[in-house]
Each structure stands twice: as C-alpha cells, then as structure tokens.
Amino acid sequence: MLATSSIAKRTPLCGAILVCVINPLPALALECAQEKAVYVDMDDAYELRFEPMGSDSPVSNRFKLTVRNTAIVAEGIVMRTEDNLRADGRIMFECPEGDVTGADLKACTVWQGMVYASDLKGHIRTLPAEGESAADRLFLPALGPSIQKSSLWGEGKATVAPWDVLSLKGCNQ
C-alpha cells in the first residue's frame with residue numbers, strides 16, 4: 001500500500017486510475033433512467049427495452065420484449081397499484097387493434113404478474129418510475145414457463161425460454 005500511495009502522489013493520472021480501480025465508477029443504473037433501460041436474460045436470448053411514456057396515463061412504464069434471431073416483438077406495459085407499492089406488468093403479442101374484449105386480451109397476453117426490481121446485492125423493490133434510476137435487475141416471476149405456453153412459442157418464434165431475471169445491459173440514448 002505504501003508503494004501505491006507514493007505512485008499516486010507522483011502522478012495525478014495514476015492516482016485517478018487507482019481510485020477508479022479501487023472504487024469502481026457508479027453502476028450503469030445510476031446513469032440510466034428507467035424509461036431508457038435495456039435488459040437481457042442470462043442466455044442473451046431475450047431483450048427487454050423500456051420506452052418513455054410521453055403522456056399522463058394509468059400505464060407507468062412501457063417496454064418491448066424481443067426474441068433474438070427472430071422478428072418477434074411483444075409489447076409490454078406496467079401499471080402501478082393504487083398504493084404505488086406494486087408494479088403489475090403484462091406482455092402481449094399480436095393483440096387485435098381497436099375495440100377488444102377481455103377474451104381478446106386474454107388470448108394475446110403472454111405473461112402477466114408483478115414486476116420486481118433488484119439491486120446487485122439482491123435487495124428487492126418495486127420497479128422504478130420514469131425519471132428514476134434504472135434497476136440493476138428485473139424479476140418477472142414465471143416468465144419462461146408463460147412464454148412456453150403462449151402464442152409467442154413455436155417453430156419460427158421463440159424456442160428458448162428466458163430466465164425470470166433480466167439484467168441491465170445498457171441505456172437507450
């Protein structure tokens with residue numbers, strides 16, 4: 001440690017590099033707002049990309065889920081519960097346009113459940129709202145099994161089930 005200190009004193013650049021190595025830069029989540037966050041599953045087979053809402057709506061977050069090496073793009077939304085303590089998410093694929101019935105929505109819903117956010121230490125919280133720092137990880141319980149039972153699954157579509165945990169990959173600019 002003494003040798004390191006004398007090197008850092010001699011050249012400011014070495015000191016700055018040393019500080020970054022010992023104390024890494026803040027996580028990407030601190031630099032990225034939730035509405036610009038991009039997540040991937042651990043096999044890098046799925047990408048979940050948040051998009052800004054741009055208007056007042058009961059929907060708090062919007063995203064697209066893509067399946068690698070396919071043309072599949074599913075639409076996702078998140079709606080907050082009245083107490084703002086939970087984030088109820090849905091992923092839909094090839095939903096009809098215009099007036100739709102509950103049966104229509106049920107048929108095109110690939111996954112529905114609570115969306116949980118986590119930091120790198122595993123502390124669970126609700127999904128950040130737009131304008132807040134992006135979560136390091138997302139947990140969508142039973143995402144993989146739900147996709148396997150949906151219209152998104154099959155020949156020419158998804159053939160690999162994603163993990164239920166998605167990690168922050170980057171940030172849309």
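These legends describe close-up views of a predicted model. Local features need pLDDT of at least 70 and side-chain atom pairs 80 or more, while totals for chains, interfaces and linings use all residues. Residues are numbered from 1 along each chain as its sequence is written, and side-chain values use heavy atoms, without hydrogens and water.

**View 1. Aromatic rings of Tyr39 and Phe50 form a pair.** The whole structure holds 3 aromatic pairs (Phe, Tyr or six-membered Trp rings with centres within 6.5 Å). The ring centres of Tyr39 and Phe50 lie 6.0 Å apart. Their planes meet at 75°, so the pair is edge-to-face (over 60 degrees; under 30 is stacked, the rest tilted). Tyr39 sits in strand β1 and Phe50 in strand β2, 11 residues apart (strands are DSSP E runs of at least two residues; helices are H or I runs of at least four; both are numbered from the N terminus). Both Tyr39 and Phe50 are buried (under 20% relative accessible area; exposed is over 50%, partly exposed in between; 1.4 Å probe, protein chains only). Ring pairs join Tyr39, Phe50 and Phe63 into a cluster.

**View 2. Glu47 lies in strand β2.** Glu47 counts as buried, at 9% relative accessibility. Beyond four places away in sequence, Glu47 touches residues including Tyr39, Arg68 and Lys169 (contact: heavy atoms within 4.5 Å).

**View 3. Asp44 and Ala142 have positive phi values.** Most residues other than glycine have a negative phi. Asp44, in the loop between β1 and β2, has a phi of about 60°. Ala142, in the loop between β9 and α5, has a phi near 65°. Asp44 is partly exposed at 39%, and Ala142 is partly exposed at 36%.
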